[in-house]
Every structure is written in structure tokens, then in C-alpha cells.
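Okay, everyone, let's get started. I'd like to walk you through some helix packing and then a couple of pockets.

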Amino acid sequence: MATNIFGIGISGLQAAQAGLLTAGHNISNAATPGYSRQQVLLAPAQPQMTGDGFFGNGVDILSVRRIYSEFLSDEVRTATAQSGSLDAYHAQMQRLDNMLADPASGLSPALQEFFSAIQNVATYPNSNPSRQTLLSAAATLASRFSMIDERLAQMHEGVNQDIVATAREVSDYAVQIADLNQRITVALAVSGGQPPNDLLDQRDQIVELLNKNVRTSVVVQDDGAYNVFIGSGQPLVTGVQAYSLQTMRDPLDNTRLTLAYQTSAGLVQLPESALAGGRLGGTLAFRSESLDTVRNALGRVAITLTETFNAQH
């Protein structure tokens, strides 16, 4: 019995030490991005059977688990993708709105000055200063159309650069997730199924960062690895294999970059509608829904104004 008493005391000390180590680890990582709080799981040790009954043998440390919810993580990933998309769209729209609505360099002031000059000439047809003012206002209006079109073209090129940078980040994150998949599966195999909590947190953090760039779906495999999919089901990570997301020239518009998926057969163009969510989805949506529309509308306004004015003149 004395030996059993000592064993019970030692098991209690070991359990307390494990609790202190875990608590210290939690406190040290309180400000670490993506860290999940950990908890020691304890259970009564196998009791000893005697003629007088079962006597306890202390406490066993079963595992150290992280306080984690797969459902909540999925919700966070969805919200992160939506937030990234809206932030990217808003930032681009703000630039576009500031350019078109500028009271000094926007299109509206130039149009108002042009029509005011026409009205002035109509009121004083024999006034040379009025005619010169009209010619100057017309030249300013034409220059303003050209300047705005040039700035819209620069925004178009800026969107291309954002797409290239975001695609590169997505591919880098895919490589990191594949590497962590390998480390996690090895750790689970070596430890007999004990979860490597810190590695799991690192992987979830990278998946969250990935969702800021493009919306993904995650499937957990039996060996603990993540399979990550984007778009309409294209695999970005399968186990320890990472695939790359690249850019290519749109076959219908050489000035326009679109996204392509790297396969064994080569690059396969992805439809923009399939990549909703994240910074990438917001940027693509801005280009197709707003930037292209504004550029086309600006051209139509210039053509209509020119033809109508020349016909009246």
C-alpha cells in the first residue's frame, strides 16, 4: 500500500505540472495570431482490485487538446472571404469615385464649363472673347476625356498587377499548407494519434490568410491532412501536393489578365465567376462590374457628345 500511495502522489504532481505547463503556454501565446487555448485532459488511473474492493491509483494524463470548433472555423473562413472581397471592392471603388467625382479634375466641371461657353456664345454671337472661351472650353473637355480614359487604363493595369500579386500569395500559402500537412501527419503517426496542437493552429492560421485572398473549402482527411479547394472544385492542396494559381492573357483581350489553374496538361483558364470571395474575387468583380462599365460608358458619352454637337453645329 505504501508504494501505491507514493504512486498516487506522483501521478497527482505530474498532472499538476502538466496543467501548469499548459497554462503557461496559453499565457505566453495569448497574443499569438491564430493560437487556440489548450487544455490538459485527465482521467482516473486504472484502479487496483483487491479483496476489499477497487482502490484508485491516481490520475492519468490522456492528452493535451486545443479548444477548437470546426463549425466556428468554417464560419470564420466564410466571413474572412466575404470581408476580403468587400474590402478589395471598396478600395477600388473609392479610387474610381474620387477620380470621377473630383470637383476640380472630374468630368462634370469640364462639361458645365463647355455648355456655359456655348450659352455665352449663343447670347453674344459677335463676341470674339466668347468664341475664344468656347474653343478653350472645348479643348479642355476633350483633354479631360482623354485624361480620365488614361487614368482608367492605369487602374486597369493596376488591377492586373493586383491579380498577379494575389495569385502569387495564394500559391505560396498552398505550399505552406502542404508542408504543414506533411509535418502534421508525421507527428500524428509518431505520437500514436496525439494532436500536434501548435502545428494545427499554424495551418488553420494560414488557411484563414488564404481565405482573405480567395474563398476556399476545406476537407479533413483521415490522416489529419487538409485538402483545400478553390473555385468550382479545383484542388489547391491535396495532402502534401500543392498546386499553383497563375495568370495568363485573356484570349479575347490581350490587355486583360485572367487566372489559370496549373494542371499536368498545362494551364486551364478559370472563369472569373468561379473565384468569388476574398481579395481576388473582389478585384475581379470590380473590374467586370464597375471598371469595364465605366470605361465603356465614358466612350459612349464621348461619342454621343461629339456626334450630337457636330450635327447641331
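So, α4 goes past α5 in a left-handed crossing, and left-handed here means the near helix is turned anticlockwise from the far one by less than a right angle, with clockwise being right-handed. Helices, by the way, are DSSP runs of H or I with at least four residues, strands are E runs of at least two, and the numbering starts from the N terminus. This is a predicted model, where local features need pLDDT of at least 70, side-chain atom pairs count only at pLDDT 80 or more, and totals for chains, interfaces and linings use all residues. Residues are numbered from 1 along each chain as its sequence is written, and side-chain values use heavy atoms, with hydrogens and water left out.

Back to the pair. The packing angle of α4 and α5 is about 160 degrees, and their axes are 10 Å apart. That makes α4 roughly antiparallel to α5. For the cut-offs, under 35 degrees is roughly parallel, over 145 roughly antiparallel, 65 to 115 roughly perpendicular, and the rest oblique. The axes are lines fitted to C-alpha atoms, for helices over the stretch in contact, and angles run from 0 to 180 degrees between N-to-C directions.

Who touches whom? On α4, the contact residues include T166, E169, Y173 and R183, and on α5 they include L199, Q202, R203 and N213; contact means heavy atoms within 4.5 Å. By class, that contact has 11 nonpolar, 5 polar and 3 charged residues. Nonpolar covers Ala, Val, Leu, Ile, Met, Phe, Trp, Tyr, Cys and Pro, charged is Asp, Glu, Lys and Arg, and the others, Gly among them, are polar.

Next, α6. Helix α4 (residues 128-190) packs on helix α6 (residues 278-312) at about 165 degrees, with the axes 10 Å apart. That puts α4 roughly antiparallel to α6, and the crossing is left-handed. The α4 contact with α6 has 17 nonpolar, 4 polar and 6 charged residues.

How do α3 and α6 run relative to each other, parallel or antiparallel? The axes of α3 (residues 107-123) and α6 come within 14 Å and cross at roughly 5 degrees, so these two are roughly parallel. L107, L111, F114, F115 and I118 of α3 meet L298, L305 and F309 of α6, and the classes come out as 8 nonpolar, no polar and no charged.

On to pockets. On a 1 Å grid over the protein atoms alone, a pocket is an open set of points where a 1.4 Å probe fits, with protein on both sides within 12 Å along at least five of seven lines; lining residues have an atom within 4 Å of a point.

The largest pocket holds about 300 Å³. Of its 15 lining residues, G34, S36, Y68, S73 and E208 lie nearest the centre. Its lining has 5 nonpolar, 5 polar and 5 charged residues.

Conventions: Grid points are joined across faces, edges and corners, and a volume is the space filled by probe spheres set on the points.
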